[in-house]
Amino acid sequence: MAGGAFSDPATLQRAHLYQYKITGFFIFSCIVGALGGSLFGYDLGVSGGVTSMDDFLLEFFPKVYEKKQTHLAETDYCKYDDQILTLFTSSLYFAALLSTFAASNLTKNKGRKASILAGSLSFFAGAVLNASAKNIAMLIIGRILLGVGIGFGNQAVPLYLSEMAPAKIRGAVNQLFQLTTCLGILVANLVNYGTAKLRPWGWRLSLGLATIPAVLMFIGGCLCPETPNSLVEQGRIEEGRLVLEKVRGTPNVDAEFDDLLEASKEAKSIKNPFKNLLRRKNRPQMIIGALAIPAFQQLTGNNSILFYAPVIFQTLGFGSGAALYASVITSVALVIATLISMAFVDKFGRRAFFLEAGTEMIICMVAMAIVLAKEFGKGKELSFGISVFLVVLIFLFVLAFGRSWGPLGWLVPSELFPLEIRSAAQSMVVCVNMLFTAIVAQFFLVSLCHLKYGIFLLFGALIVLMTCFVFFLLPETKQVPIEEIHLLFEKHWFWKRVVREGNHESGSNV
C-alpha cells in the first residue's frame with residue numbers, strides 16, 4: 001500500500017519490552033482527564049440550537065428573525081446569512097486559536113493538568129457571562145472566554161490521554177476525548193430540544209448549563225495525576241517513575257522509562273521548540289500532524305453540519321422543533337460512530353478508517369447535492385420522503401466522520417511528535433484546527449446562500465483530496481510506542497528521503 005504500514009513493534013527499539021496492565025487507577029485517570037472534550041462538544045451542540053431559537057434571535061438579531069419568517073423564494077438558502085450572527089459562533093474559535101499558544105507554555109512548564117484547570121475556569125466564566133448577556137458585546141466577550149477555555153483544554157487533553165495510554169490501546173484511550181466531545185454535543189442538543197419550549201428564557205438556560213462540564217473538568221483536573229512524560233520533562237524523575245508504575249500496574253517499566261528519559265534529555269537540549277518544529281527532520285510530522293490533518297478535519301464540512309444542524313434543517317423546511325429533533329439524531333450518530341472507532345481503531349489501524357469512511361463521506365455529499373439541486377429552492381417545500389432521505393444522508397455522513405476524521409483528527413497529531421516539541425506542536429494543531437473551524441463557521445452560511453447545493457459538492461471534492469493525502473503520505477501508527485513514532489518516517493516510501501536529509505543537517509539544536 002502506498003502509505004506504508006510500519007507498525008510492527010518488533011522492528012522498533014524497545015517497544016517489545018513494554019509491559020502494562022489495565023488498572024482502576026489508569027481507567028479513572030483517563031476517563032476524568034477526557035472530560036475536557038465535553039466543553040468543546042457542549043458548545044458545538046448548543047450554539048447552533050440557540051441561534052435557531054426565536055427568542056434569542058428577537059433579542060439580539062431581530063433582522064435575522066424577520067428574514068427567517070419570510071418565505072420568499074430567494075431566501076430559501078439565505079435565511080440565516082448574517083455575519084454578526086455567525087461571529088457569535090466563530091468568535092469562540094478565534095479566541096481558542098490565540099489562547100493555545102499561551103497554553104503551550106503552561107502545558108510544557110507546569111504540566112498538562114495546569115492547562116486543564118485553567119481552561120475549565122475560563123470556560124466557566126464565559127458560560128456565566130453568556131447566560132446573563134444583555135447585549136451582543138456581552139455575548140461576544142462570553143464567547144471569547146469560552147474560546148480561551150477550549151484552547152487550553154484542547155491543547156492539553158489529547159496530549160494527556162496519549163501519554164497516559166499504553167501503545168497497544170492508545171487509539172481507543174485517546175478517543176475518549178472524541179467520545180466526551182460527542183456526548184457533549186448530544187447532551188447539548190437534548191438540552192436545546194427541552195429549553196426551546198421554555199419561552200422567552202430557554203436559550204439562557206442552554207448557555208448557562210455549560211458551567212456543568214466546566215465544573216466537572218475542574219474537579220477532574222484536581223483529582224487526576226500528571227502524566228509520567230510531563231513529570232520527567234519537568235525534572236521530577238522519581239515522581240514520574242512512580243506514576244508510570246502505578247498507571248501501568250507493574251514495576252517492570254524500565255524499557256518505557258528509559259525511552260522517557262532519552263526523550264526528556266533531547267527535550268531539554270531544545271531552547272526554542274517552535275523553531276525546532278520547523279527543522280527538516282520534523283517536517284513530516286509538521287506537515288501531516290500540525291497542518292494537514294487539523295485543517296482537513298474542518299474542511300470535511302462536518303462541524304458546519306453539527307453547529308448549524310438546526311439552522312440547516314430549518315432552511316430545508318423543517319419546523320423549529322423538528323430541526324432540533326433531527327440534530328439530536330445526528331449527534332446520536334456521532335456517539336455511535338466514536339464507540340465503533342474506539343473498539344476497532346487499534347485493530348484495523350488509523351489509515352483503514354480514514355480511507356473507508358472518507359469514501360462514504362464523498363458519496364453522501366454528492367448524493368445530498370444532487371437531491372437539493374433537483375428538489376430544493378424556488379420557494380417550494382420538500383416532500384416528507386425527500387426530507388427523510390436528507391436526514392438519513394446527514395446521519396450516514398456524520399456516522400462516517402465520527403469514526404474517522406472526528407476522533408482521528410485529534411488522535412493522530414497527538415501521537416506523531418517527539419517529546420521535545422510535543423507541547424508546541426499540539427498548540428499548532430489546535431491553532432490550525434480552530435482557525436479553519438472559525439473560517440468555516442464564519443463563512444458557511446454565506447456560502448450556503450451563494451453556492452446553494454454546490455457547497456456540498458465543494459466539501460465532497462475536498463474529502464477526495466484529503467483521502468488521497470492519507471493514502472499516499474500517512475504511515476500507520478497503531479500500537480507503536482509514542483516515543484518511537486519518529487522511526488516510522490525513516491521507513492516511509494516518501495518521507496524517508498526528507499528525514500534522512502534532515503538528520504544530516506549541520507549546526508546545533510535550536
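Predicted model: local features only at pLDDT ≥ 70, side-chain atom pairs only at ≥ 80, totals over all residues.
1. Helix H1 itself spans residues 24–33, and the residues in question are Phe26, Ser29, Cys30, Val32 and Gly33, which are buried.

2. For the chain as a whole, the secondary structure comes to 26 helices and zero strands. Of its 510 residues, 62% count as buried, and among the contacts with a separation of 6 or more, 82% are accounted for by residues 24 or more positions apart.

3. In soluble globular proteins, nonpolar side chains tend to be buried together. Here the largest nonpolar core has 127 residues, and those with the most contacts inside it are Phe56, Leu161, Trp405 and Met434. Helix H20 (residues 350–375) contributes 13 residues, the largest share of this core. As for Phe56, once its neighbours within four places in sequence are set aside, this residue is in contact with Val50, Thr51, Phe61, Leu85, Phe88, Leu139 and Trp203.

4. The packing of H20 against helix H22 (residues 405–416) can be followed in some detail: the angle is about 150 degrees, and the axes are 11 Å apart. Because angles over 145 degrees count as roughly antiparallel, the two helices H20 and H22 are described as roughly antiparallel to each other. H20 passes H22 in a left-handed crossing. At the contact, Arg350, Phe353, Phe354 and Met361 in H20 meet Trp405, Leu408, Leu411, Val412 and Glu415 in H22; by class, this contact has seven nonpolar residues, no polar ones and two charged ones. Trp405, listed here on the H22 side, is also one of the residues with the most contacts inside the largest nonpolar core.

5. Two places in the backbone deserve a reader's attention, given that most residues other than glycine have a negative phi, and most peptide bonds are trans. The peptide bond from Arg199 to Pro200 is cis, with omega near 5 degrees, and Pro200 lies in the loop between H9 and helix H10 (202–208).

6. The other place is Gln479, which has a positive phi of about 60 degrees although it is not a glycine. Gln479 is found in the loop between helix H24 (454–473) and helix H25 (486–489).

Technical notes
Residues numbered from 1 in each chain as written. Heavy atoms only, no water. Core = buried A, V, L, I, M, F, W, Y, C linked by side-chain atoms within 4.5 Å. Buried < 20%, exposed > 50% of the residue type's maximum accessible area, 1.4 Å probe, protein only. Helix = DSSP H or I, 4+ residues; strand = E, 2+ residues; numbered from the N terminus. Contact = heavy atoms within 4.5 Å. Axes fitted to C-alpha atoms, helices over the stretch in contact; angles between N-to-C directions. Parallel < 35°, antiparallel > 145°, perpendicular 65-115°, else oblique. Left-handed = near helix turned anticlockwise from the far one by under 90°. Nonpolar A, V, L, I, M, F, W, Y, C, P; charged D, E, K, R; others polar.
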